[in-house]
Amino acid sequence: MRNVFESNQLRYFFSISIALVAALIINHYYAITNGFLIPLTAIYVMQTPIGNSFYQGMRRLILIFMLVAIASFIVFSMRFFYLIMHDVVIGAMMGVFANVIILPRRADIEFRKAVLSLVKGFNDYFMSNIDLLLKNEVVDKGNATFETNFQTLPAWVYEAGFDNGLQVGYRFFLVKLEQITDVLFAMHHLARHDYDKELIAKIRLPLLQCAEEFSQFLSAILAVLELKKAPENVSDLEKEVTELEKQFQAIVPLSLELLDMKRDYVYLSEFVFCFKDLRKLLMKLAEALR
Amino acid sequence: MKTKLKKTLGKFINSLNQLQSIVFSCYIKRDYFANRYDYEKQIHRVRIQLFHHMKKMRLLCGDQPLSSMENLYEIIFSLNVFKLRVADHATFEVCENEMKLFTQCISAILTNACDSRFRENDSMAQLSSAINNFEELYRSTLQVVSYEPIVFLYFVQNMIALREGLDIFLRDFIYA
């Protein structure tokens with residue numbers, strides 16, 4: 001039973017149903033007009049994103065108010081305005097309070113659900129980028145799956161009216177996720193390039209070792225998000241990234257002029273740099289989860 | 001079917017143009033740090049739009065690979081990573097005019113891509129010249145004033161990749 005009420009869809013369904021029944025009863029006894037304006041308005045103001053029901057509900061009420069005012073001006077009747085607004089205000093108040101009081105949808109559950117699928121996608125996409133760079137006989141699968149994961153990310157975190165206390169943390173987390181996405185896309189773009197096979201062979205082993213550690217770190221973040229126990233002894237990745245850079249420097253000249261001469265060098269150097277970016281962002285994400 | 005494809009392609013190009021415009025405005029506008037989340041919100045919105053159009057394109061194109069389209073937005077996201085790598089935002093003031101020129105050139109190419117009267121060569125030449133100007137600035141100034149000059153080299157390479165990517169995209173989808 002407890003699980004049933006953890007589902008945001010069900011909470012929303014119950015909330016709307018209860019508000020609708022109450023609105024129909026109120027409409028029967030108190031409505032002035034015959035247009036079922038009380039239940040209709042209640043449902044309309046309940047169509048808000050998660051986390052900012054009150055603010056968005058009031059915005060919708062103001063919108064209806066303006067529409068009724070314009071309609072009244074056209075028909076040139078103050079009486080029309082008062083009659084309609086009487087029912088509209090009752091309906092809107094019922095809708096707003098039902099949204100806020102009766103089983104309000106939980107932002108934390110919704111946020112975690114969306115973030116989980118994206119972080120899972122990070123790990124797969126990251127490893128497929130490594131495979132693509134090392135040309136482990138893989139065909140580039142493209143970005144379709146990763147794009148789909150991204151589309152579930154909650155945009156309501158940025159909306160006005162979302163709880164100020166929660167918004168700071170959620171927004172920070174979301175921005176970091178988007179920045180990780182950017183880095184992964186950058187890596188994919190770099191991995192598509194056709195590199196000198198000898199160059200790739202030289203960097204292969206340290207790159208694979210480093211990638212494995214990154215993958216484990218992402219799995220640890222995933223475990224925390226799934227409310228499971230995080231695996232112990234997860235590296236902070238600093239040693240791995242430094243080692244990868246050191247190995248890369250032994251293979252490729254890091255002088256800017258020499259780097260500039262060959263695109264393979266610049267691209268591979270940027271790919272290694274992406275590990276640094278990724279580490280920075282993952283550490284911030286992990287700190288936020290602590 | 002062809003009309004639908006053309007319409008979706010137009011929307012994709014429009015989203016791409018919006019995306020590049022916001023990404024570059026993060027470097028050009030001086031209020032970026034004060035209103036950071038507003039910029040991120042805009043990027044988020046356009047990104048979702050872009051992926052939505054990509055999904056539609058995939059449905060319409062079937063098995064045809066869309067790697068040239070994917071590559072284009074990947075490069076623009078790479079350009080967005082640049083701001084994470086430059087610790088001092090004031091460094092961008094040195095190359096403000098070059099950044100403005102970049103966004104104008106890319107916008108001209110993308111806005112006019114579907115126009116048959118459009119002369120692609122002119123805009124591409126302008127973009128190439130803007131990249132050369134930036135490279136010159138990088139060698140003369142940015143290399144000296146920047147804390148990590150190598151990231152500017154990456155930026156130049158990404159701009160070159162973007163020019164090439166635009167070229168391939170226009171050839172594959174617009175002039176095909």
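**Notebook: where chains A and B meet**

I began with the interface and found 26 residues of chain B in contact with 27 residues of chain A (contact: C-beta atoms, placed from the backbone, within 7 Å). On the chain B side, two or more residues each come from α2 (36-61), α3 (67-85) and α7 (150-174); helices here are DSSP runs of H or I, at least four residues, numbered from the N terminus. I saw that α3(B) gives the most, with 11 residues. By class, this side of chain B has 12 nonpolar, 6 polar and 8 charged residues (Asp, Glu, Lys and Arg count as charged; Ala, Val, Leu, Ile, Met, Phe, Trp, Tyr, Cys and Pro as nonpolar; the others, Gly among them, as polar).

A note to keep in mind: this is a predicted model, with local features needing pLDDT of at least 70 and side-chain atom pairs 80 or more, while totals for chains, interfaces and linings use all residues. Residues are numbered from 1 along each chain as its sequence is written, and chains are lettered from A in the order in which they are written.

Next I looked up the largest nonpolar core, of 102 residues, where A:Val183, B:Leu16 and B:Ile76 touch the most other members. Such a core joins buried Ala, Val, Leu, Ile, Met, Phe, Trp, Tyr and Cys residues through C-beta atoms within 7 Å. Helix α11 (residues 263-289) of chain A gives the largest share, 13 residues.

Last, I checked A:Leu237, in the loop between α8 (197-225) and α9 (238-251) of chain A. Its phi is positive, about 75°, although it is not a glycine. A:Leu237 counts as buried because it has 22 C-beta neighbours inside 10 Å (buried: 20 or more; exposed: 12 or fewer; partly exposed: in between).

Technical notes
Contact = placed C-beta atoms within 7 Å.
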